[in-house]
Amino acid sequence: MKKEKIDIGLYQAKYFLRDILVKIPGISKLSPNLISLLAIIPGIAAAYFIFKSMWLATILAIALRMILNTLDGLIAEGFNKTSKLGAYLNKLPGEITDILIVIAFQPYVGWIWTITIVTLTSWVQMLGLLGLAAGGKTQSVGPCGQTDRLAIIGISSIFALYQGNQVWLTMVPIICAGCVVTILLRVYRSIKEIKELK
């Protein structure tokens, strides 16, 4: 299986996880589209657990979602089960639940930071895909891409277990700053790539 160039962000770590998941017995018989759709369950669960300050459950839900997100791509690409519908379904649960997850921080940081993180998260995702409209590639570069945000939230939830909900007063602004950097990097990379296209 061909591996992409190592880049800034945790997205590339999926290949390490794929090397582990590919050893699951009967994995080749699974449907990548079904796995993609199933990922919406732990995504919604993570948002609920965040809202309810259930931090251990949040960690487990985020871990499961990240595993399912990696598993669907592994099955599709590793066992020649890619399709146009699959590419769409691969993105759908993440785009929906990512917004729900950051909205769930509202009780801890207020509406101004909530609106800010929702806006920036949406821009990160949109600008990662926008280059496709001009014949470029999806951009996964940046310190606060989808995988990175989930990892940051998961790790921060460990601290919240012991230090309480005030952790998010620090972490949400940090995530927002990381999103700004990610947006700038993705726009730069897309423009650079499009200019090089013939």
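1. The largest cavity in this predicted model is lined by Asp-98, Ile-101, Val-102, Gln-146, Arg-149, Leu-150 and Ile-153. Its volume comes to about 50 Å³, and the count of cavities of 30 Å³ or more is one. Sorted by class, the lining holds four nonpolar residues, one polar residue and two charged residues.

2. As to where the lining comes from, helices α5 and α7 (146-163) each contribute at least two residues to the largest cavity, and α7 provides the largest share, namely four residues.

3. The two helices that supply this lining also pack on each other: the axes of α5 and α7 come within 12 Å and cross at roughly 35 degrees, and the crossing in which α5 passes α7 is left-handed. On the α5 side the contact is formed by Gly-94, Glu-95, Asp-98 and Ile-101, which meet Gln-146, Arg-149, Leu-150 and Ile-153 of α7. By class, this contact of α5 with α7 comprises three nonpolar, two polar and three charged residues. Asp-98 and Ile-101 of α5 belong to this contact, and Asp-98 and Ile-101 are likewise found in the cavity lining.

4. Helix α5 (residues 84-103) also packs against helix α3 (residues 40-51), here at an angle of about 5 degrees and with the axes 8 Å apart. Because angles under 35 degrees count as roughly parallel, α3 is described as roughly parallel to α5. From α3 the contact draws on Ile-40, Gly-43, Ile-44, Ala-46, Ala-47 and Ile-50, while α5 brings Pro-93, Ile-96, Thr-97, Leu-100 and Ile-101. The residues of the contact between α3 and α5 divide into nine nonpolar and two polar, with no charged residue. Ile-101 of α5, named here in the contact with α3, is also part of the contact with α7 and of the cavity lining.

5. A further partner of α3 is helix α4 (residues 55-78), with which α3 packs at an angle of about 160 degrees, the axes again being 8 Å apart. Since angles over 145 degrees count as roughly antiparallel, α3 is roughly antiparallel to α4, and the crossing of this pair is left-handed.

6. In the contact of α3 with α4, Pro-42, Gly-43, Ala-45, Ala-46, Phe-49 and Ile-50 of α3 meet Trp-55, Ala-57, Thr-58, Ala-61, Ile-62, Leu-64, Arg-65 and Leu-68 of α4. These residues divide into 11 nonpolar, two polar and one charged.

How values were computed:
Residues are numbered from 1 along each chain as its sequence is written. This is a predicted model: local features need pLDDT of at least 70, side-chain atom pairs count only at pLDDT 80 or more; totals for chains, interfaces and linings use all residues. Side-chain values use heavy atoms; hydrogens and water are left out. Axes are lines fitted to C-alpha atoms, for helices over the stretch in contact, and angles run from 0 to 180 degrees between N-to-C directions. Angles under 35 degrees count as roughly parallel, over 145 as roughly antiparallel, 65 to 115 as roughly perpendicular and the rest as oblique. Contact means heavy atoms within 4.5 Å. Ala, Val, Leu, Ile, Met, Phe, Trp, Tyr, Cys and Pro count as nonpolar, Asp, Glu, Lys and Arg as charged, and the others, Gly among them, as polar. On a 1 Å grid over the protein atoms alone, a cavity is a set of points where a 1.4 Å probe fits but cannot get out, and a pocket is an open set with protein on both sides within 12 Å along at least five of seven lines; lining residues have an atom within 4 Å of a point. Grid points are joined across faces, edges and corners, and a volume is the space filled by probe spheres set on the points. A crossing is left-handed if the near helix is turned anticlockwise from the far one by less than a right angle, and right-handed if clockwise.
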